[in-house]
Amino acid sequence: MTAATTNGDRTIQFREALREAMTEEMRQDERIFLLGEEVAEYNGAYKVSQGMLDEFGPNRIIDSPISENGFAGLGIAAAMYGLRPIIEFMSWSFSLVAADQILNNAPKMLYMSGGQWGCPIVFRGNDGAGGQLGSTHSWCVEALFANVPGLKIAIPSDPYDAKGLLKTAIRDEDPVFFLESERMLSDKGHVPEEEYTVPFGKAALRREGSDCTLVSFGRPVHFCQEACDILEGDGITCDLLDMRTVRPLDSESIVESLKKTNRIVVVDQSWPFASVASEVISQVCEKAFDWLDAPPKRVNSDDVPAPYAKNLEAAFLPHAEKIVTTVRSIVR
Amino acid sequence: MSTATADKDARTKSRKRPSAELPDKTLVGWLRDMMLIREFEIRTMQAYSNAKIGGFCHVYIGQEALAVGTIGSVNPDDPVITAYRDHGHALARGMDPGACMAEMYGKITGCAKGKGGSMHMFDKPNHLYGGHGIVGAQTPLGAGLAFAAKYEHEVMGKGGKKVALCYLGDGALNQGALHEAMNLAGLMGLPVIYIVENNGYSMGTSIGRGTTMSEDLTKKADAYGILGATIDGMDILNLYDHFKPIVDTCREESRPAFIDMKTYRYHGHSMSDPQKYRTKDEVEGVKQRDSIELLAAYLMDDRKAITEDDRKAIDKEVKAIVRDAMKFAEESPVPDVDAELYSDVYVNPSPGCSPIREYVKGAKNPLL
Ligand SMILES: Cc1ncc(C[n+]2csc(CCOP(=O)(O)OP(=O)(O)O)c2C)c(N)n1
Ligand SMILES: [Mg+2]
C-alpha cells in the first residue's frame with residue numbers, strides 16, 4: 001500500500017496529467033508515437049492531446065480514420081517491431097470493433113512466439129458511462145478484458161495517479177489497457193512538478209476506518225468517498241482501497257485491511273456477473289476466509305444494458321446510496 | 001461512375017425525368033417533410049441547450065433532402081436502417097414526432113421507452129430497424145435485412161421483392177464491417193443499397209484526410225462488383241431522378257448498390273463541436289443551395305403547384321406539429337425505475353440470469 005504524495009500545491013486537470021505523462025515520455029523516447037481518431041488536428045475529441053501535434057509533428061501525433069481494428073493492429077505490429085505505440089480509443093466502447101487485435105494479438109504474442117516477441121503498447125481512452133450515452137457507448141470493459149492473461153489494466157481515479165500510472169504503462173514491456181473516464185477528465189488534483197511514477201499492483205489507502213473495507217478503482221472511488229461521508233454520520237468508518245490497477249491486483253493490501261475490519265464491499269462499475277468484484281471476492285474467500293465476519297458483498301452497475309434516460313442511468317450506476325445500503329447490511 | 005449506372009443514366013435521360021411524373025401532392029409532401037425535419041431539429045438543439053435532452057445528439061439540418069428523397073423512392077415496407085444521425089430518417093419514415101422527441105427527453109412514451117435516446121430511433125411498424133451508434137455497425141445489418149427479405153420472398157414464398165436501404169456516414173467508409181458487408185452483398189446478390197451520406201466530414205476529419213479515392217467513391221463499389229453511382233443529394237428532384245431507377249434495378253434484379261450521395265451538415269458534428277476544421281464561408285456557400293429552398297422554388301416558380309401563402313401555411317403546420325411534440329415530450333412521465341430498468345433485457349427471462357435481481361416484463365412499447 002502506498003499513499004499519494006501531497007507535497008507542493010500545483011493542481012492540474014486529469015486530462016492535463018495524461019498529456020504531461022505522454023509528452024514527457026515522448027521527449028525522452030523517440031520510439032513513442034500517439035495514434036487515434038481526432039488526436040492531432042482536432043487536438044483530441046476530449047482535448048487530452050491538445051498541443052501535442054504542435055510539439056511533435058504529424059509523424060508522431062497521427063490522426064486515424066474510424067478504423068479501430070486497423071489502427072489497433074497496426075500499433076501491435078509496430079510494438080513487435082520495436083516501437084512504443086500509444087493507441088487512443090475515443091472510447092473503450094469502440095475498442096470492441098478491434099477485439100480480435102487487442103485480445104488475441106496483443107496479450108498473446110509473447111506466448112505464441114515462445115518468448116520472441118512481446119508487445120509494449122498502451123491502449124487508452126474513456127471507459128464507463130459518460131452521461132446518457134446509452135448502451136453501446138457506456139461500456140466498462142474491465143470485467144470483460146481482465147479475464148485475459150497477458151495484459152495489464154490500469155484505472156486511475158485522480159490526476160496524480162493518471163500521470164504516474166500512465167508513465168509506468170508507457171515504460172512497461174507488456175500491453176497495458178489504460179482506462180480513463182470522460183466524467184473525470186476535468187477533475188483537478190495535485191500533481192507535483194518533479195518526475196515520479198506510480199507502480200502497478202500497489203493499492204492506495206484513500207481513507208482509514210475500522211468497520212468495513214471498501215475496495216474500488218477508477219470513478220467509483222469517488223462514489224465510495226461519498227458513501228463514506230454518509231456512513232461516518234452513522235458512526236461507521238471504512239478503509240477505502242483504491243486498487244489503481246486491477247491486473248495486477250494488490251490482494252495483499254486487501255487482505256491486510258480485511259484482517260482489521262473483517263468485512264468487505266467491492267465497488268465496481270462493470271456488470272456483476274463474472275466481474276472484477278467477483279474476482280476480488282473469490283480471492284478474499286480463498287486467502288482470508290477465516291477473517292470474514294460477514295458475507296463479502298459487491299456493488300456493481302445494474303445487470304442491464306446502460307439506459308439512456310437520465311433517471312434510469314442514475315439508478316443504474318454503483319452510486320453512493322447503493323454502497324451505503326450494502327455496507328449497512330453487513331455492519332451492525 | 002460505373003458503366004452500369006452510366007447506361008442507366010443514358011436511358012433515363014432519353015425519357016422524361018422520373019420526378020416530372022410525380023404528382024404535385026407527392027412533391028409538396030416532401031417539402032413538408034423536409035420543413036418538418038428542419039423545424040424539429042431546430043427545436044431539438046434548443047431542448048439540448050436547455051438540458052432537456054442529454055447524451056450525444058446529432059442533428060440533420062442540411063441533409064433533409066437525402067432522407068426524404070431516398071425514403072420517398074422506396075415502398076413503406078422496405079426495410080431501412082441507419083446510423084446515429086437518425087431523427088430525419090425516423091420522421092421521413094413516418095415516426096410520430098412526439099415519440100421521437102419523447103425518446104430524446106428520456107420519457108416512457110419515446111420510441112424506445114427512453115432507453116435508447118437520440119442515436120437509437122427504432123420504429124417497427126414503419127420498418128425502421130434503428131439508428132445505430134457504433135460507426136459502421138449498421139452496415140452488415142443492412143445486408144442482413146436484404147438477405148431476410150430475399151429469403152422470405154424466394155424460400156418462403158411470401159412478401160414481394162423488397163430492397164433494403166442502409167445509410168452510413170462518410171466516416172463509416174473506413175470501417176472493416178462495411179467492406180465485409182459489401183462483399184457479402186455482392187457475392188449473395190442481396191438487394192441492399194448502401195447510401196453514403198457524404199457530408200464531407202467525420203467529426204473534424206475531412207473526407208480526403210480519412211478516405212482513399214474520396215474524389216470517386218464508386219471505385220469502392222467496383223471493387224466488390226456492385227452497382228455504384230454518385231448523386232447530388234441536395235437537390236431532391238435530381239436525387240430522385242437518379243436514385244429511383246437504381247432502386248428499381250436492385251429490387252427487380254436482386255442486387256446491391258453503393259451510392260455516394262453528396263450532402264452537407266450545416267451544424268457541428270454533435271452539440272459540442274467548435275468546428276475549427278471548416279470556414280464559415282464554406283458553410284454559407286453550401287447554404288446557397290439549400291435543399292428546402294430549391295424544392296420550394298421549383299414548386300412555386302416552375303410547377304406553380306403552391307403559392308407563397310401555401311408555403312407559409314406548411315410552415316405554420318410543421319411548427320404546430322413540433323410544438324405539440326415538445327409539449328407531449330415535456331408532459332410525458334419518465335420511465336419507472338422499478339418497472340423499466342430490468343425490463344426488455346430478455347424476451348424470456350429465465351430465473352438465475354442475474355445474481356442481482358430477476359428480469360421483468362415492462363410497459364408495452366408505445367409504437368406497437
Ligand atoms: C466504432 C466507432 N468509433 C468512433 C465513434 C465516434 N464517432 C461517432 S460519430 C463519428 C464520426 C462519424 O462521421 P460520419 O460517418 O461521416 O457521419 P456524420 O457524423 O458525418 O453523419 C465518430 C468518430 C463511434 N461512434 N464508433
Ligand atoms: Mg460525415
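Helices (H or I, at least four residues) and strands (E, at least two) are DSSP runs numbered from the N terminus, and contact here means heavy atoms within 4.5 Å. The model is predicted, so that local features need pLDDT of at least 70 and side-chain atom pairs count only at pLDDT 80 or more, while totals for chains, interfaces and linings use all residues. Residues are numbered from 1 along each chain as its sequence is written, chains are lettered from A and ligands numbered from 1 in the order in which they are written, and side-chain values use heavy atoms, with hydrogens and water left out.

Within α12 (residues 320–330), show the side chains of A:Ala320, A:Lys322, A:Ile323, A:Val324, A:Thr326, A:Val327 and A:Ile330, which are the buried residues of this helix. Buried stands for under 20% relative accessible area, exposed for over 50%, and partly exposed for values in between (1.4 Å probe, protein chains only). An α-helix has 3.6 residues a turn, so residues three or four places apart point the same way.

Next, colour the two chains separately and turn to their interface, where 34 residues of chain A are in contact with 41 residues of chain B. The area buried between chain A and chain B, that is, the accessible area (1.4 Å probe) lost by two parts on being put together and summed over both, is about 3000 Å², with carbon and sulfur atoms giving 63%. Across this interface there are 2 salt bridges, a salt bridge being a side-chain nitrogen of Lys or Arg within 4 Å of a carboxyl oxygen of Asp or Glu. Select A:Asp63 and B:Arg209 to see a salt bridge between their side chains, at 3.0 Å from N to O. On the side of chain A that touches chain B, helix α11 (residues 310–316) gives the most, with 4 residues.

Staying in chain A, select A:Arg247 and A:Pro248, which are joined by a cis peptide bond with omega near 10°. A:Pro248 belongs to the loop between β12 (245–247) and α9 (251–261) of chain A.

Move to chain B and pick B:His127, in the loop between α5 (97–104) and β2 (128–131), where phi is near 60°, a positive value in a residue other than glycine. B:His127 is partly exposed, at 25% relative accessibility. B:Met203, in the loop between β5 and β6 (205–206) of chain B, also has a positive phi, of about 50°, and is partly exposed with a relative accessible area of 22%. Most residues other than glycine have a negative phi, and most peptide bonds are trans.

Finally, centre on the magnesium ion (ligand 2), which is coordinated at 2.1 Å by B:Asp170 (OD), B:Asn199 (OD1) and B:Tyr201 (O). Donors are N, O and S atoms within 2.8 Å of the metal (3.2 Å for Na, K and Ca), and the site may look incomplete because water is not among the atoms. Along the chain, the donors of this ion follow the spacing D-x28-N-x1-Y. Distant parts of chain B are linked here, with B:Asp170 in the loop between β3 (164–169) and α7 (176–188) and B:Tyr201 in strand β5 (residues 201–202), 31 residues apart. B:Asp170 is buried at 2% relative accessibility, and B:Tyr201 is buried with a relative accessible area of 10%.
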